[in-house]
Amino acid sequence: MKSPQALLLALALGAVTMAQTATPDAGPSPMVRTLLAQMSLEEKVGQMTQISLELVCKGYPMTQDPLEIDLPSLRRALLEYHVGSILNVGTSAHTLERWREIITTIQDVATKETRLGIPVIYGIDAVHGAGYTLGATLFPQHLGMAATWEPELVRKEAEITAYEIRACGIPWNFSPVLDIGRQPLWPRLWETFGEDPYLASVMARAYVAGLQGSDGRLDTHERAAACAKHYLGYSFPLTGKDRTPAWIPERMLREYFLPPFQAAVQTGVKTVMVNSSEINGIPVHASSFYLRDLLRGELGFQGVIVSDWADIRNLHERDRVASTPKEAVRMAVMAGVDMSMVPLDYSFYDLLLELVREGTVPEGRIDEAVGRILQLKADLGLFADPYPPKEASGRFASPDCREIALQAARESITLLKNSGKLLPLSSSAKVLVTGPTAHKRSCLNGGWTITWQGDREDLYPKDTPTILEAIVATAGRERVKYVPGVEVNREIDIKAAVKAARTADVAIVCLGEDPYCETPGNISDLTLPEPQLRLVASLAAAKVPVVVVLVEGRPRLITSIADKAAAIVMAYLPGPQGGQAIADVLFGRVNPSGKLPITYPRACNDLTLYDHKHSENANSFNRYDPLFPFGFGLSYTSFAYGDLTLDKETLGRGDSLTVSVTVENVGQRSGKEVVQLYLSDLYASVTPSVRRLKRFTKVDLWPGEKQTVHFTLHESDLGFIGMDNRLTVEPGQFAVRVGDLVRTFVLE
């Protein structure tokens, strides 16, 4: 139990107000400095140690399900090793009530039995909502959210996520993923906001502001600390395999991969998680350039830097830049890592203590890291109240929250092809539903859902429909036949599907991937598995109109069947509301408005991206020729662009440019259109891209309605990373493109 001295200190800590929290560049608050001065070296090093929940549960390493905290193990972690942070789910998703019990038990030991009563900060991967809490509000994964091109929906998603994890007693979310998705093989592509730095940066600002609030106050039960990950360059492995080397020149790194992290830092993100792999032979966990010079020095990040899973040990065991585990700890801590996600032992604690005692790591570096960790806890209000809120379940997964998730899923759906206006389908149509993703909830969600891989179909709640169930509810059971035909990688009975299709008006073929997460999702061929392609080809050969619905986390190649399908719908990983959203789009209850946040390639080795260089599109041999381009998406109505005007044709340095364009709905039904502004620097000292996205907005128009949209460009929008690896703005001619309209101007 606490000593009288500790009790007095705890009372003082409990009185902390937001006026005492740190301000930019101010360092820790007076309260944190007072606490830091009272801590032993062991208590400090413990604060830098993050362990996984399994380590303090009964039965570890064979953790029991349902999970149960082992109090002796928990006391060992918090009293003997002074652990400052715990993460993860332990087994599979828990109920809200169970999470509240788990967090309460942990905080009881941390605040009532340790010498100084420092609360634990608990972290979780709530990447598309509180996915490790049963019944929580879940959204499309990041790639689908990017396809909405609606940052307000991203902000609302983050607000709901913050509320629902705080209702559990969890104040720290390991999200957003701000890696840029420019390698389509990469198994974590669906966790990104797509291939474009500007789109990802806009979504980054929206997500961080939604999770943390825009007023800087995190000490409420409706806010949580965001974690921008995985800094930096993680998403561009040369092989496409997870956690394998990236080779990225510094100029390219700054041009494409750094901007979303810069946007998050500018929005006040509290924590950053480090890239699990390496750039140009340098593991990021061991790089003071990436962590100190670039992230803290240039970007001005003031918060906590946390490692990813076991990645400090990996400096020795996998990356082999450290000859011993002890040297790996020294390298990472001195490079700038503040907290180690160890996560399943206390090796980091033991080794770091040795390093400090022998003088290899100065205690001043420990104080720096621990000051940031304690400040984060103070900012979150954990010293005042580390427990789940007494009344939090009322708004948890409320109908209003689910409606927002449904709206996000609907707006993410992207119509890629619609020959002969086959879609929308009549509700009286006779329909065959087939394919491996038609009747699985897990496929709609993907990883980080209920379990790490998201693949436990038996654990998914049955209160939201699969695609098949939503179609049946829309068209009526008597009009819908279901024959699975194939699994993801194996044929079941294609002949049975073809036979059933002959009595149907249309075949809805739901293709895609089984759920996966991280390295288990590695593939060597982007092509959709052959049984799925054969199913579509067989149905088309039977002269049945085919609608392909793609439920996938990356653009699996469908080139061989694209001409055979009358309609193609990209659903991404739309979350539990995805079945309903897909049915709503197929049957016309919703007019699709999603646009691709990635380039959908035509061939395995033709991975040219939208912002390619002129040499990549110079002739019939080198050209940007994807199956579907970045920013593309059809509607059930038509839009016309006109009157593209610039408020000036010549800009001086420091001037801004106002671009105006009129958008008209010239079709027969209301719809939403994403207005996209692209900029081309016609000549530059570094080869310019053909075009770069610079602004976008989404407009909602009735038939015959017009709207004039205004965009403002600033001098920085005209810049690029120059030969000196710094932002460069050069005089010359530029072109603005919106739709098929182009106007030029000159920067003097």
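Student: How many of the nine residues of α18 are buried?

Tutor: Happy to start there, and keep in mind that this is a predicted model. The buried residues of α18 include Ile-467, Leu-468 and Ala-470, and Ile-471, Val-472, Thr-474 and Ala-475 are buried as well. That leaves the helix mostly covered, and the count of buried residues is seven.

Student: Which elements do the buried residues of α18 pack against?

Tutor: The partners include both helices and strands. The helices are α17 and α22 (578–586). The strands are β12 (431–434), β13 (480–482), β14 (506–512) and β15 (546–551).

Student: What residue comes just after α18, and what is its phi?

Tutor: The helix covers residues 467–475. Just after α18 comes Gly-476, with a positive phi of about 100°.

Student: Where does Thr-449 lie, and is it buried or exposed?

Tutor: Thr-449 sits in the loop between α17 (442–445) and α18. Its relative accessibility is 1%, and a residue counts as buried under 20%. Therefore Thr-449, although in a loop, is buried.

Student: Which residues is Thr-449 in contact with, and which backbone oxygen lies 3.0 Å from a polar atom of its side chain?

Tutor: Leaving aside neighbours within four places in sequence, Thr-449 is in contact with His-128, Gly-131, Leu-138, Gln-141, Gly-454 and Tyr-460. As for the backbone oxygen 3.0 Å from a polar atom of the Thr-449 side chain, that one belongs to Gly-447.

Student: Why does the length of helix α7 agree with what its residues should span?

Tutor: Helix α7 has 18 residues, 151–168, and at 1.5 Å a residue they should span 26 Å. Its end C-alpha atoms agree with this, because the distance between them is 26 Å.

Student: How many residues of α7 are buried, and which residue follows the helix?

Tutor: Like α18, which is mostly covered, α7 is mostly covered too, with 13 of its 18 residues buried. The residue that follows α7 has a positive phi, near 95°, and is Gly-169.

Student: What is the strand order of the open sheet of five strands, and which are its edge strands?

Tutor: The pairing in this sheet is parallel, and the order is β4-β3-β2-β1-β10. An edge strand here pairs on one side only, and the two that do so are β4 (172–173) and β10 (340–341).

Student: Which residue stands opposite Trp-172 of β4?

Tutor: Strand β3 (residues 121–124) and β4 pair in the parallel sense, over two bridges. Opposite Trp-172 stands Gly-123.

Student: Which residue in the turn of the β25 and β26 hairpin has a positive phi?

Tutor: Two residues lie between these strands. The one with a positive phi, about 60°, is Gly-739.

Key
Residues are numbered from 1 along each chain as its sequence is written. This is a predicted model: local features need pLDDT of at least 70, side-chain atom pairs count only at pLDDT 80 or more; totals for chains, interfaces and linings use all residues. Side-chain values use heavy atoms; hydrogens and water are left out. Helices (H or I, at least four residues) and strands (E, at least two) are DSSP runs, numbered from the N terminus. The expected span of a helix is 1.5 Å times one less than its number of residues. Buried means under 20% relative accessible area, exposed over 50%, partly exposed in between (1.4 Å probe, protein chains only). Two strands pair if DSSP finds at least two bridges between them. A polar contact is a pair of N or O atoms within 3.5 Å; within protein, one must be able to donate a hydrogen and the other to accept it, and residues adjacent in sequence count only if both atoms are side-chain atoms. Contact means heavy atoms within 4.5 Å.
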